[in-house]
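Please examine the sequence and the model side by side before reading on. The explanation is meant to be followed with both in view.

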There are 2 protein chains.
Amino acid sequence: MFRIGEFSLIAQVSGRLLRYYDEIGLLSPEYTDPQTGYRYYSAAQLPHLNRILVLKELGLGLDQIARLLSQGASSEEIRGMLLLRKAQITQAMQDGLDQLHLVEARLDQMDAFGQTPVLDVVVKAIPSQRYLALREVFPDVASVRRLVVHMTTIVPHKMPASSLGQIAFVVHSRMFDPDALDFEVGFLLTGNPGNSGKTPTAFQLSEERVLTVHDLPAVEMMATLVHVGSITDIHRTYGLLGAWVEQQQWQIVGQGRQVLLQLPQPGHDDAVIELQIPVSKAGTPYLQQDM
Amino acid sequence: MFRIGEFSLIAQVSGRLLRYYDEIGLLSPEYTDPQTGYRYYSAAQLPHLNRILVLKELGLGLDQIARLLSQGASSEEIRGMLLLRKAQITQAMQDGLDQLHLVEARLDQMDAFGQTPVLDVVVKAIPSQRYLALREVFPDVASVRRLVVHMTTIVPHKMPASSLGQIAFVVHSRMFDPDALDFEVGFLLTGNPGNSGKTPTAFQLSEERVLTVHDLPAVEMMATLVHVGSITDIHRTYGLLGAWVEQQQWQIVGQGRQVLLQLPQPGHDDAVIELQIPVSKAGTPYLQQDM
DNA sequence: CTTGACTCTGACGTTACGTCAAAGTCGCAT
DNA sequence: ATGCGACTTTGACGTAACGTCAGAGTCAAG
């Protein structure tokens with residue numbers, strides 16, 4: 001029988017580890033002195049410890065190891081766990097590869113743009129949300145702005161303000177053409193989409209313009225980039241976002257969106273707009289609606 | 001200004017995350033009401049948050065991100081961190097690949113051996129240790145055993161028992177030849193190797209046999225396998241260990257060792273012996289001494 | 001019997017948050 | 001004015017697998 005120090009020397013593991021495995025019931029010493037609490041391990045426990053160490057090297061968690069060892073697991077169960085672990089490792093390596101590409105892309109960007117602050121494109125999932133808007137083809141940007149101003153002065157007085165969210169555009173134009181902007185313009189609404197009944201489904205803005213409510217579909221992967229500054233510069237930021245998506249070799253699926261997070265104060269160029277482009281990794285095209 | 005709930009919706013991160021980043025000083029809201037503690041975020045903080053999220057996706061720790069953002073880091077520093085991170089990912093992927101091979105090897109073993117309990121070869125580093133032993137070519141296993149018995153009856157009375165460790169063999173035979181066993185036989189000694197002065201450097205066992213003290217070199221990678229049972233079966237376990245090393249496509253560097261962890265009780269086949277083979281990954285040959 | 005070496009339990013630190021819990025706040029509707 | 005539901009606050013605990021003390025008890029040799 002070895003005391004914990006000698007046993008830890010033999011096995012080349014720390015004493016703390018042995019105490020820990022004892023505590024969680026993974027490997028208890030063959031004998032524990034009830035008076036002093038001293039742990040005494042037998043040589044025959046070394047194979048047991050070694051099995052634990054090997055399984056740990058395979059990346060299994062201690063809880064799984066405990067299950068495999070204590071309760072006699074059938075070899076089919078063990079096979080299952082190993083196959084699962086194999087899949088996990090494969091997944092982790094794929095993730096590592098993706099991350100490597102991201103890091104390299106950022107390094108390339110730094111080399112190419114020099115001191116220019118690097119873009120921070122964030123890909124995130126966007127849930128479905130209700131949308132009070134109208135669709136129109138605008139002749140120029142100024143008319144869009146006028147409509148926005150008009151809406152912001154009218155709508156909040158006629159709606160429960162609590163459910164009114166940001167102003168957002170949905171860009172239906174295929175390509176950016178400053179003379180024919182096929183946009184949806186309106187408000188994002190808070191509250192669960194789909195549950196109509198409380199809020200009206202339409203809203204008369206003026207003689208010829210009617211806002212209607214519908215749901216914007218959820219998007220699993222939305223590439224987003226925040227534009228700060230003058231609205232007139234927005235197409236440059238948009239181009240950067242597009243270039244980034246292209247560099248990732250992803251596909252654009254569906255319509256882009258623009259969310260006005262901060263209207264520019266008169267005399268300042270401090271608008272904040274989040275540009276959004278729904279994407280998917282190549283090979284898994286997405287439902288394209290409104291085509 | 002957005003309250004935390006709305007800001008978390010916009011950015012699609014949890015409120016808890018925002019509070020946490022505030023707590024660790026990574027991203028504090030633009031204004032915090034001193035009365036109520038309510039946090040108010042501005043739209044202009046979204047790019048800041050996005051930068052944090054992107055750097056996090058690259059696998060950087062929050063502490064590193066904080067350094068990069070708060071204290072204006074030069075682009076050279078940033079490059080350095082990204083390059084470092086790249087190396088880390090590469091390393092992690094290599095580790096993943098190794099682990100994948102281990103898992104696959106174990107699956108193959110299970111398929112090949114069926115119900116046979118899989119071997120648990122553990123690779124570990126062995127530190128240098130002092131060794132009181134003699135080298136001899138033994139005509140058979142029985143004579144080795146007689147010497148061991150003799151040593152265990154004589155030596156402990158003449159030595160400070162506290163410094164006496166396990167009995168160990170160093171196998172100098174190139175190949176296993178049961179008629180010419182070129183073994184070192186002796187005791188491992190506790191205490192720092194190299195510091196002689198307290199223990200004698202030699203020990204007269206009998207007329208013609210002298211035990212001398214020297215240091216067994218440290219081994220960075222020692223493949224070990226514990227044999228339990230009759231000593232006469234040990235060559236099979238040894239073969240399994242050798243086959244395992246071969247399957248890993250590693251090289252054997254230096255002499256194997258055998259550490260007697262438990263002498264067999266008379267009438268029982270319950271010896272416990274750890275077999276050790278120093279190895280190195282192919283391509284990085286090791287110092288082979290005693291050649 | 002006195003050291004010095006060893007061992008015990010218990011607690012805290014690690015990473016980046018998720019998940020309650022109890023109490024305070026806000027805004028809207030009565 | 002008041003009540004209510006939705007929101008927010010701080011604080012604490014949990015996560016995985018141990019490393020690292022701290023303070024107190026134990027063992028073996030001289």
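The paragraphs below treat the domains, the sheets, a helix, the DNA strands and some single residues in turn.

This is a predicted model, in which local features need pLDDT of at least 70 and side-chain atom pairs count only at pLDDT 80 or more, while totals for chains, interfaces and linings use all residues. Residues are numbered from 1 along each chain as its sequence is written, chains are lettered from A and ligands numbered from 1 in the order in which they are written, and side-chain values use heavy atoms, with hydrogens and water left out.

Chain A is divided into domain 1 (2–69), domain 2 (78–115) and domain 3 (122–281); such bounds come from an automatic or database domain assignment. The centres of domain 1 and domain 3 of chain A, taken over C-alpha atoms, are separated by 60 Å.

The next topic is the sheets. Strands of a sheet pair through backbone hydrogen bonds, either parallel or antiparallel. Helices (H or I, at least four residues) and strands (E, at least two) are DSSP runs, numbered from the N terminus, and two strands pair if DSSP finds at least two bridges between them. In chain A, 3 strands in the order 1-3-2 make an open sheet with antiparallel pairing. Its edge strands are strand 1 (2–3) and strand 2 (31–32) of chain A, each of which pairs on one side only. Strand 2 of chain A is joined by 2 bridges to strand 3 (residues 39–41) of chain A, and A:Y31 has A:Y40 in strand 3 as its bridge partner.

Chain B also has an open sheet of 3 strands, in the order 1-3-2 and with antiparallel pairing. Here the edge strands are strand 1 (2–3) and strand 2 (31–32) of chain B, each pairing on one side only. Between strand 1 and strand 3 (residues 39–41) of chain B there are 2 bridges, and these strands run antiparallel. The bridge partner of B:R3 in strand 3 of chain B is B:Y40.

Further along chain A, strand 5 (residues 129–138) is joined by 5 bridges to strand 9 (residues 210–216), the two running antiparallel. A:L132 has A:V213 in strand 9 as its bridge partner. Strand 5 of chain A is also joined to strand 7 (residues 181–189) of chain A, by 9 bridges and again antiparallel; there, A:Y131 has A:L188 as its bridge partner.

Helix 3 of chain A shows how a length can be checked. The expected span of a helix is 1.5 Å times one less than its number of residues. The 12 residues of helix 3 (residues 46–57) of chain A should therefore span 16 Å, and the end C-alpha atoms are 16 Å apart, which agrees. Among the buried residues of this helix are A:L46, A:L49 and A:I52, where buried means under 20% relative accessible area, exposed over 50%, and partly exposed in between (1.4 Å probe, protein chains only). After helix 3 of chain A comes A:G59, whose phi is positive, near 95 degrees.

Which residues come nearest to DNA strand C? Of the 20 residues around DNA strand C, they are A:G5, A:R19, B:S14, B:L17 and B:Y21; a residue is near a strand if one of its heavy atoms lies within 4 Å of it. Sugar and phosphate make up 73% of the atoms of DNA strand C that come within 4 Å of the protein. A backbone N or O atom of A:G5 lies 2.6 Å from a phosphate oxygen of DNA strand C, whereas an N or O atom in the side chain of B:Y38 is 3.0 Å from a base nitrogen of DNA strand C. Helix 2 of chain B supplies the largest share of the surface near DNA strand C, 4 residues.

DNA strand D is likewise surrounded by 20 residues, the closest being A:S14, A:L17, B:G5, B:R19 and B:R39. A polar side-chain atom of A:Y21 lies 2.8 Å from a phosphate oxygen of DNA strand D, and one of B:R39 lies 2.7 Å from such an oxygen. The largest share of the surface near DNA strand D, 4 residues, comes from helix 2 of chain A.

B:S230, in the loop between strand 10 (219–229) and helix 7 (234–247) of chain B, is buried because its relative accessible area is 15%. B:G80, in helix 5 (residues 75–113) of chain B, counts as partly exposed because its relative accessibility is 36%.

Technical notes
Polar contact = N/O pair within 3.5 Å; in protein donor to acceptor, adjacent residues only side chain to side chain.
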